[in-house]
Amino acid sequence: MYQWFVFLHLVGLVVFVLAHGASAFIALRLPGQRNPAVVASYLETSKIATNTMYGGLVLLLIGGAGAATINDFWTEPWVLGSIAVLVVVIGLMYAFGTGYYGSLRKLLAEKGGAAAISEDELARRLDPQRPRILAAIGVIGLIVLVWLMVLKPGV
């Protein structure tokens, strides 16, 4: 049964990384865009990818929790460290990303067929550093998680 939970954990990881990667590349592409309709379309695609990412996260968490329970790994430093890293990364990503991209979506909402924001205003609102900060947080977090899962420090 342990192997099935590990399998589920890894399937969740693949879905999570693929979907979140799509959203990340979209975020990195946004600062160079000026057309409100294009930016709105990118943000909608990113939202779909993010929703898929959450499904992968659920699978990842169920598989990891199941594997940790079956083998009584809950007190292992690498498991506790993984949980801590995951919580910190999710918190930082949420804090730096969700409000910013949510407010952009609202600004770009169409009213009667006309864009609710001008290209100049959009250019001022698109923060070129935000996606880079989010990407750095995500990549560093993922590398630390892979390190913890593979090398299992403290064992």
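Me: Which residues form the nonpolar patch on the surface?
Reply: In this predicted model, Met 1, Trp 4, Phe 7, Val 11, Leu 59 and Ile 70 form that nonpolar patch on the surface. Together these residues have about 640 Å² of accessible area.

Me: Which elements give two or more residues to the patch?
Reply: Two helices do so, namely helix 1 (2–29) and helix 2 (36–70). Helix 1 gives the most, with 3 residues.

Me: And where does Met 1 lie?
Reply: Met 1 lies in the segment before helix 1. Its relative accessibility is 66%, so Met 1 counts as exposed.

Me: Let us step back. How many helices and strands are there in the protein?
Reply: The protein has 5 helices and 0 strands. Along the sequence, the pattern reads α-α-α-α-α.

Me: What does the C-alpha trace span along its principal axes?
Reply: The C-alpha trace spans about 60 × 25 × 20 Å along those axes.

Me: What share of the residues is buried?
Reply: Of the 155 residues in the protein, 30% are buried. As for the surface, the protein exposes about 9300 Å². Carbon and sulfur atoms supply 70% of that area.

Me: And the contacts, what share joins residues at least 24 apart?
Reply: Among contacts between residues at least 6 apart in sequence, the share that joins residues at least 24 apart is 80%.

Me: Where is the kink in helix 3 centred?
Reply: The kink is centred on Tyr 94 and amounts to about 35°.

Me: Is Val 15 buried, partly exposed or exposed?
Reply: Val 15 has a relative accessible area of 28%, and therefore it is partly exposed. The limits for that class are 20% and 50%.

Me: How far is Val 15 from Ile 83?
Reply: The C-alpha atoms of Val 15 and Ile 83 are separated by 19 Å. Along the chain, these two residues are 68 residues apart.

Me: Changing topic: how many salt bridges are there?
Reply: The count comes to 3 salt bridges. Side chains of opposite charge can pair when their charged atoms come close.

Me: Which residues are linked in a network?
Reply: Glu 121, Arg 124 and Arg 125 are linked in a network of salt bridges. The Glu 121 and Arg 124 side chains meet at 2.8 Å, N to O, and the Glu 121 and Arg 125 side chains meet at 2.6 Å, N to O.

Me: How are these residues placed along helix 4?
Reply: Glu 121 and Arg 124 are 3 residues apart in helix 4, about one turn of the helix. Glu 121 and Arg 125 are 4 residues apart there, and so they are separated by about one helical turn.

Me: How accessible is Arg 124?
Reply: Arg 124 counts as exposed, because its relative accessibility is 60%. Glu 121, at 22%, counts as partly exposed, and Arg 125, at 39%, is also partly exposed.

Me: Which side chains meet in a salt bridge at 3.6 Å?
Reply: Those are the side chains of Asp 127 and Arg 130. Asp 127 counts as partly exposed at 24% relative accessibility, and Arg 130 is partly exposed with a relative accessible area of 22%.

Me: One last topic: what is the phi of Asp 72?
Reply: Phi of Asp 72 is near 55°, a positive value in a residue other than glycine. Most residues other than glycine have a negative phi. Asp 72 lies in the loop between helix 2 and helix 3 (77–107), and at 59% relative accessibility Asp 72 counts as exposed.

Me: And what is the phi of Lys 152?
Reply: Lys 152 has a positive phi of about 45°, although it is not a glycine. Lys 152 lies in the segment after helix 5 (129–151) and counts as partly exposed, at 30% relative accessibility.

Definitions and conventions:
Residues are numbered from 1 along each chain as its sequence is written. Side-chain values use heavy atoms; hydrogens and water are left out. Patches are made of residues with over 30% relative accessible area and no salt bridge: like charges are joined within 9 Å, nonpolar side chains (Val, Leu, Ile, Met, Phe, Trp, Tyr) within 5 Å. Accessible areas come from the Shrake-Rupley method with a 1.4 Å probe; for residues, only the protein chains shown count as cover. A salt bridge is a side-chain nitrogen of Lys or Arg within 4 Å of a carboxyl oxygen of Asp or Glu. Buried means under 20% relative accessible area, exposed over 50%, partly exposed in between (1.4 Å probe, protein chains only). The bend at a residue is the angle between axes fitted to the seven residues ending there and the seven starting there. Contact means heavy atoms within 4.5 Å.
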